Every structure is written in structure tokens, then in C-alpha cells.
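Me: Please take a close look at one part of this model, the packing of its secondary structure. Set it in its surroundings as you go.

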Amino acid sequence: MTALRRFTRNRLAVVGAVALAVLVLFAVLGPLVHPTEQVVTDLGAANLPPGVDGHPLGTDALGYDNLGRLMVAGRVSLLVGVLAGVLATVLGTLWGAVAGYVGGVVDAVMMRVVDAGIAIPAIFLLLVLSTIVRPTVGMMIVVLGLVSWLVPARLIRAEALSVRTRDYVVAARAMGATHRRTVLNHVIPNTVGTVVVNATFQVADAILLVAYISFLGMGIQPPTTDWGAMLNDGINYIYQGAWWLILPPGLAIVIVVCALNFVGDGLRDVVDVKGRAA
Amino acid sequence: MTTAIPAQSGALEAGAAAPAPVRAARGGFGRFLIRRVLQALVVVLVVSVIVFALLHALPGGPARGVLGQQASAEQIAAFEAANGLDQPVVLQYLSFLGRSLTGDLGESYLLNQSVSDAIALRLPKTLLLTGLSLVVAVIIAVPVGVYQAVRRNRAVDYWLSTLAIVAYSTPTFFLGMLLILLLSQTAGLFPAAAPQGNGITDVLAQPAGLVLPVLTGAVPIVATFSRYMRSSTLDNLGEDYVRTARAKGTGYRSVVVRHVLRNSLTPVVAMLGYYLPVMFGGALVVEQLFNYPGMGLLFWSAAQSSDFPVLLGCVLVISLATVVGSLLADVVQAVLDPRTRGGLR
């Protein structure tokens with residue numbers, strides 16, 4: 001069966017892929033269809049319910065159009081999530097591949113560093129870091145990437161441990177390939193299935209983490225916003241029944257993270273040889 | 001909340017005991033224990049280096065942090081001399097380590113309290129909240145996971161798994177807001193503010209206020225652990241002893257309840273130890289959302305006001321708890337299942 005067939009056989013994965021595509025289009029192209037002012041506040045039009053004065057999802061406490069804000073916030077959430085997830089995957093893959101390939105004392109030392117990193121819950125480390133550095137979009141990507149590379153490092157190390165004893169690695173070494181070449185050309189490419197599947201989950205987790213940090217008020221600062229920050233702004237109006245400030249960004253996060261998890265499961269069906277018979 | 005849930009059996013151990021090379025267990029349990037404890041000590045040391053490095057990464061260093069932006073160069077020099085900050089970094093680290101070992105985590109900038117006192121006052125309340133959430137979650141997750149395994153690949157299993165992913169993908173604070181909107185705002189069943197007070201007894205005296213925080217904390221744990229329980233039960237259902245018991249005439253239901261359930265619980269219980277950092281992260285959000293006076297709220301307020309001694313003290317305590325948690329989990333597994341003893345990374 002081709003890879004595409006195996007992927008599409010998992011109906012949830014297809015639903016996830018479609019939902020992702022729709023949300024990306026919504027965030028990237030949405031503002032072209034529904035242009036709104038998202039920098040200058042308009043207090044005269046604050047806290048309008050949905051449908052009033054041409055605001056399909058109402059306005060927030062500063063008079064920003066909520067639908068338009070959902071779009072620009074989505075750009076930030078998706079951008080930070082994807083880039084931080086990719087950064088974490090690259091760092092983790094390199095670290096894990098080297099540790100697993102070299103083995104011995106180097107492996108032990110590198111893995112204790114990973115253990116220590118995992119012992120500090122990411123959200124606590126992120127809050128400390130965001131009190132030290134100014135949380136801009138670029139800074140969030142770097143900091144999130146630096147905090148989340150540990151799990152992929154462990155996974156890839158385990159893969160590399162089994163790959164390093166394979167005949168093709170031994171053969172490459174026997175033919176005089178350098179360690180650097182062996183790791184980059186033979187070890188890492190043979191873990192690519194694990195890497196790709198994990199990257200999907202990594203992006204999902206990064207999007208959740210950005211939302212948590214922003215919700216806790218320590219994330220990207222206004223007028224730039226993301227879905228977590230929108231929820232943080234909206235919670236103050238929860239007792240006035242302003243559901244339109246809570247549900248849209250909240251559901252957007254749930255949908256995108258779910259979709260990524262479904263797609264990740266689908267990709268696992270594609271690359272996981274063992275799971276193919278099941 | 002940031003570890004992807006394993007979707008298949010075999011991924012169960014991936015959380016902490018990464019699939020290590022199958023090496024024959026060298027020596028017995030005693031040697032395993034010594035090696036594992038030494039490893040945990042090394043990890044704690046590395047954590048302390050990270051925390052110390054963070055302390056020194058503060059803008060302007062610790063002196064600027066304590067004295068504020070207005071401090072003159074002379075004041076900073078005097079402060080650094082008085083606190084040993086002009087010493088070589090290695091000596092400073094050793095003295096930081098020595099003080100931390102004796103429980104001296106410094107003074108809060110704002111609380112007029114030592115960091116260890118501030119933590120000691122709030123940690124029990126956090127443990128109470130997470131403990132209650134955990135109990136509620138396990139009571140739900142274990143039967144759900146077993147039921148899914150028995151009904152594997154049927155519609156009900158499929159829907160419950162999907163529901164678990166949705167629950168896992170829902171940020172804790174959004175879930176809490178939804179519960180506030182539905183159960184507090186609309187239905188008026190429970191208050192949205194958590195119980196206040198200094199001790200555990202004060203908190204327990206207001207059980208209605210605990211319902212929403214405990215529920216909010218429990219849902220993500222149910223999502224994760226029902227999946228662990230499902231895959232663990234599936235692994236056990238395929239074992240020979242199930243066939244033997246069935247062949248001897250034991251009813252299927254009775255095999256599941258009396259034999260499979262007990263064997264499947266072991267790895268899941270051990271998993272709790274690895275799950276500690278996730279639970280602490282969840283507690284932080286729940287406490288902030290419901291204004292519950294625990295360690296998470298202490299940490300959050302400290303982040304708002306850049307109270308670095310409190311921040312780093314909390315990080316140190318939580319990391320220590322995490323290391324001890326995964327150590328205990330490994331030891332429990334090694335006691336119950338000698339096969340895992342060789343799997344030391």
C-alpha cells in the first residue's frame with residue numbers, strides 16, 4: 001500500500017489534515033477577506049456582542065474586532081508553534097543521534113543533561129525565562145525550542161542506539177566514512193520516521209505551551225497577540241457572559257492541537273512498519 | 001501537559017525509561033538501586049547548576065535584582081562583597097549548593113519571608129489539590145482503560161480514544177473557564193473561587209470550592225492515564241496466563257478483574273512517578289485560574305513581580321520532587337518486574 005493510502009485510511013488523520021489546512025488559510029488569508037484594525041484601539045466600540053456594527057464575532061475590551069483578532073492571533077500561535085517545534089526537533093535529533101551513536105561516557109553525560117532538563121517542568125522554566133528576556137515573537141520561538149528538545153532527544157537516542165549496530169553503519173565506517181558523515185548520512189536518515197512523527201506532536205505541544213505562557217500573562221506583549229493571550233484578556237469578562245471572547249480562541253487551540261495529534265497518528269501509521277499489520 | 005500521549009502499547013515506557021539496550025541485569029537489586037540513586041544525584045546536581053546559571057543570567061545579576069534599578073555602582077559593589085558575589089563563580093556555586101542543601105533558599109524580595117517558609121506554607125495545599133485530582137482521575141481512568149481494552153477496536157473504544165485526544169488537546173485553563181461558565185455561571189452549582197486559608201484544614205472546610213479546581217486538574221490526567229491503562233491491559237490480555245485461566249474454565253470477566261487488572265496496574269502506577277512534572281505544571285495553571293493559594297500561585301505571583309529567589313527556590317523544589325518521583329517509579333518497577341533492572345540508561 002502506498003504511503004498516501006495508508007494515511008488516508010486513518011479517517012481522523014484526514015479530518016485533522018483538512019482542519020489544519022482550513023485554520024492556516026483562515027489565519028494567513030483571512031485578514032485579506034476581512035480586513036480589520038488591530039493596532040489602534042477604539043474604546044467607543046468596546047465589548048460589542050457578535051453581529052453588532054459589522055463585527056461578526058463582536059469586539060473585545062479595547063474595541064478590536066474579535067474575528068480579525070482571531071486571525072492575526074492565529075498567525076502568531078501557528079508561527080511560534082511550528083518554528084519552535086521544528087527547532088526543538090532539530091536540536092533534539094542532533095543531540096540524541098550523537099549520544100546514541102557515540103555511546104559510553106559521552107552518552108551518559110549527555111543523557112543526564114536531558115534528565116535534568118526534563119526534571120524542570122517546561123512551564124516553570126518558561127516563566128522564569130520570560131521574566132529575564134523580553135518575550136517577543138522571535139524570542140518565544142528560541143526559548144520554547146530550547147525548552148522542548150528533550151523528549152525528541154531521548155527518542156532519537158533510543159533509535160540511534162539500535163541503528164548504530166546495523167550492517168550499513170558498520171559498512172560505512174569500514175569504507176572510511178567519518179563519524180560526522182556516518183551520523184548525518186546514515187544514522188539520522190534512518191530515524192526520520194520517528195523524527196517526523198515526533199515533530200508533529202512537538203508542534204502541537206509548542207502551540208499549547210505558547211498558549212499557557214500567554215494565558216499566564218508572561219507571553220508576547222500587546223498589540224501583538226496570540227490565542228492564549230486572547231483568552232487571558234477574555235477571562236476578565238467571563239462573568240458578564242462575554243462568551244465570544246472565550247470560545248473562539250479556546251476552540252481554535254483545541255482544534256489545531258487535536259488536528260496535529262490526529263495527523264501525527266496518521267503519519268505513525270505510514271512510517272511504522274510494525275504497526276502495519278494491525 | 002506537554003508530553004504526547006503514546007497511542008500504542010510499547011510506547012508506555014518511552015516517557016522515562018527510554019527503551020534501553022537489552023542488557024542482562026548486572027548484579028542484583030542492590031546494585032541496581034545504588035546505580036539508580038547515584039544517577040538521580042547526578043541529575044539533581046545538573047539541575048542545581050541550571051538554577052544557579054539562571055540566577056546569574058538575571059539582568060544585572062543578583063545584586064541589581066535585590067537593590068533595584070536605582071542602585072549606584074558603590075551600593076552594588078558593597079552588596080556583592082557582603083554576599084560573596086565577588087568570589088570566583090565556582091566558589092559561589094559551591095556556597096549556593098551548600099546553602100540549598102541545608103534548606104536555605106534565600107529571602108523573598110517582597111513577601112518578607114524566607115523562600116523555604118513561603119514554600120513550606122503552600123506546598124501542602126498544592127499536594128492536597130493534585131492528590132485529590134489524581135484520586136478522582138485514577139478512579140475514572142482505570143475502569144475506562146480496561147473497558148476500552150476489552151472492547152478494543154469497536155466503536156466505543158474508538159470514540160473514547162478520540163475523546164481522550166480532545167481532552168488532552170484542551171488547555172487546562174480553557175477547560176477551567178468552560179467549567180466556570182457551565183457549572184458556576186449558568187447552573188450555579190459550585191463557586192468559581194477556590195477555598196482560601198493558611199492550612200489544609202481551612203481549605204478542606206470549604207469542600208464546595210474545591211470541586212471545580214479538582215475537576216479541572218483531573219480531566220487531563222484521565223485523558224493520559226486511560227490510554228496508558230488501555231495499552232497496558234491490551235499487553236496483558238495477550239499473555240499466556242489469560243489463556244491458561246480461560247482454559248481452566250475461569251470466566252472472562254473474572255480473569256480480567258482478578259488477574260489482568262492487577263498486572264496491568266503495575267506499569268501505570270509507576271507511570272505516576274514520571275508524570276509528576278506534568279502534574280505540577282497543571283497545578284500552576286489551575287491555582288492561577290481559581291486563585292487557589294498553593295505553590296503554583298506563589299510561583300505565578302513571583303513571576304509577575306520578578307521575585308527571583310522565590311522563582312528559583314520553587315524550581316529547585318519541584319525538580320527535586322520530579323527526580324525523586326521518577327526514582328521511586330523505577331524502583332517500584334524494578335521490585336515488581338526484575339526485567340526492567342537492566343534497562344538503566
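**Packing, from chain to helix pair**

Reply: In chain A, 51% of the 278 residues count as buried. Buried means that 20 or more other C-beta atoms lie within 10 Å of a residue's own; 12 or fewer make it exposed, anything in between partly exposed, and C-beta atoms are placed from the backbone. The model is predicted: local features need pLDDT of at least 70, side-chain atom pairs count only at pLDDT 80 or more, and totals for chains, interfaces and linings use all residues. Residues are numbered from 1 along each chain as its sequence is written, while chains are lettered from A and ligands numbered from 1 in the order in which they are written.

Chain A has 12 helices and 0 strands. Helices (H or I, at least four residues) and strands (E, at least two) are DSSP runs, numbered from the N terminus. Along the principal axes, the C-alpha atoms of chain A fill a box of roughly 75 × 45 × 30 Å. Contacts in chain A are counted between residues at least 6 apart in sequence, and 72% of these join residues at least 24 apart. Contact here means C-beta atoms, placed from the backbone, within 7 Å.

Now helix 10 of chain A.

The contact takes 47 residues from chain A and 49 residues from chain B. On the side of chain A, helices 4, 5, 7, 10 and 12 each give two or more residues. Helix 12 of chain A has the largest share, 8 residues. By class, the side of chain A divides into 36 nonpolar, 4 polar and 7 charged residues. Ala, Val, Leu, Ile, Met, Phe, Trp, Tyr, Cys and Pro count as nonpolar, Asp, Glu, Lys and Arg as charged, and the others, Gly among them, as polar.

In chain B, helix 1 (residues 29–57) and helix 14 (residues 308–336) pack at about 165°, their axes 10 Å apart. That makes the two helices of chain B roughly antiparallel. Axes are lines fitted to C-alpha atoms, for helices over the stretch in contact, and angles run from 0 to 180 degrees between N-to-C directions. Under 35 degrees is roughly parallel, over 145 roughly antiparallel, 65 to 115 roughly perpendicular, the rest oblique. The contact includes B:Phe32 and B:Val44 of helix 1 and B:Leu316 and B:Val323 of helix 14. It has 20 nonpolar, 1 polar and 2 charged residues.

B:Asp307 sits in the loop between helix 13 (295–304) and helix 14 of chain B. B:Asp307 is buried, because 23 other C-beta atoms lie within 10 Å. It touches B:Ser108, B:Tyr109, B:Leu110 and B:Ala302, not counting residues up to four places away in sequence. B:Leu110 is 197 residues away along the chain, yet the C-alpha atoms of B:Asp307 and B:Leu110 are separated by 6.9 Å.

Helix 13 of chain B also meets helix 12 (residues 276–290) of chain B: their axes come within 7 Å and cross at roughly 80°. These two helices of chain B are therefore roughly perpendicular.

Technical notes:
Contact = placed C-beta atoms within 7 Å.
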